[in-house]
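These are my notebook entries on a single structure.

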Amino acid sequence: GRIYDRWQDTIVPVNLSNCSDFTIRDITILDPSAWTVNLLKCRNAEIGNMKIVSARSNSDGFTFQSCEDITVRNCFVRSWDDSLVVKGYGGDARGITFDTCTLWTDLAQSCEIGYETRARVIADITFRNITCIGSKQAVDIQGLKGTPVHDILFDQVTIIGNKNGIKMEWAE
């Protein structure tokens, strides 16, 4: 990814919209110039054994916007910005599971729900067997714009060397 300029090219290596019933696995992505794996309004997907390594600004790992029934398993993310993100953009976000992931987040949040929460609901989100190394914020949940955020499970999350552990924020 380093051949692309962050500010002029802004290439998202895996950028899928309105897709369903797919699998992504066994891929390594180095130095993307923007978000690495971006899914918008996708359903029924399995993502496994991916490695994302970047210290470039805005290089989020996995960003899922208004997606349903997505599972990410056995992944490593070293990102400058957020690592695992669930957002709502005009559609529900539900049934998303992150399982057995190691996250090394340079600046922002390792596990985030929000900041963009423009959905009817964000629910049934699971973070299981997650190791968070050295981020500004290990876990950040934001219920903004009146979107209900509920049934969020953190199971066996290890936080190592983070400046802050867990932050929750609700606002209209």
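**Entry 1: charged pairs**

I began with Asp 92 and Arg 94, whose side chains meet in a salt bridge with an N to O distance of 3.7 Å. The model is a predicted one. I noted Asp 92 as buried, with a relative accessible area of 9%, whereas Arg 94 counts as partly exposed at 28%. I then recorded that salt bridges with shared partners join Glu 46, Arg 73 and Asp 99 into one network.

Next I looked up Glu 68 and Arg 43, which form a salt bridge at 3.4 Å, N to O. This pair links distant parts of the chain: Glu 68 belongs to strand E8 (residues 68-79) and Arg 43 to strand E5 (residues 43-48), 25 residues apart. Glu 68 is buried, with a relative accessible area of 18%, and I listed Arg 43 as partly exposed at 38%.

A further salt bridge brings together the side chains of Lys 87 and Glu 116, at 3.1 Å from N to O. Here too the pair links distant parts of the chain, with Lys 87 in strand E9 and Glu 116 in strand E11, 29 residues apart. I found both Lys 87 and Glu 116 to be buried.

**Entry 2: the sheet**

I read an open sheet of seven strands in the order E1-E4-E7-E9-E11-E13-E15, with parallel pairing. Strand E1 (14-17) and strand E15 (164-170) stand at the edges; each has a single partner strand, so one side of each lacks a neighbour in the sheet. Neighbouring strands are turned by 10° against each other on average, direction ignored.

I followed strand E9 (residues 84-89) in both directions. With strand E11 (residues 109-118) it pairs in the parallel sense over five bridges, and with strand E7 (residues 62-65) E9 pairs in the parallel sense over four bridges. Leu 84 in E9 is the bridge partner of Phe 62, and Cys 111 in E11 is the bridge partner of Leu 84. I also noted Tyr 89 opposite Arg 118 in E11.

Why do I describe E9 as largely enclosed by the rest of the structure? Five of its six residues are buried.

**Entry 3: cysteines**

I searched for disulfides and the count came to zero. The closest cysteine sulfur to that of Cys 101 is in Cys 75, at 4.9 Å, which is too far for a bond. Cys 101 counts as buried, at 2% relative accessibility. Cys 132 is likewise in no disulfide, and its nearest cysteine sulfur, that of Cys 111, lies 4.1 Å away. I recorded Cys 132 as buried at 0% relative accessibility.

**Entry 4: nonpolar surface**

Finally I examined the surface. Ile 159, Ile 166, Met 168 and Trp 170 make a nonpolar patch of about 450 Å². Which strand gives the most to this nonpolar patch? I identified E15, with three residues. Ile 166 has its place in strand E15, and I noted this residue, Ile 166, as exposed, with a relative accessible area of 59%.

Terms used:
Residues are numbered from 1 along each chain as its sequence is written. This is a predicted model: local features need pLDDT of at least 70, side-chain atom pairs count only at pLDDT 80 or more; totals for chains, interfaces and linings use all residues. Side-chain values use heavy atoms; hydrogens and water are left out. Two strands pair if DSSP finds at least two bridges between them. Helices (H or I, at least four residues) and strands (E, at least two) are DSSP runs, numbered from the N terminus. Axes are lines fitted to C-alpha atoms, for helices over the stretch in contact, and angles run from 0 to 180 degrees between N-to-C directions. Buried means under 20% relative accessible area, exposed over 50%, partly exposed in between (1.4 Å probe, protein chains only). Patches are made of residues with over 30% relative accessible area and no salt bridge: like charges are joined within 9 Å, nonpolar side chains (Val, Leu, Ile, Met, Phe, Trp, Tyr) within 5 Å. Accessible areas come from the Shrake-Rupley method with a 1.4 Å probe; for residues, only the protein chains shown count as cover. A salt bridge is a side-chain nitrogen of Lys or Arg within 4 Å of a carboxyl oxygen of Asp or Glu. A disulfide is a pair of cysteine sulfur atoms within 2.5 Å.
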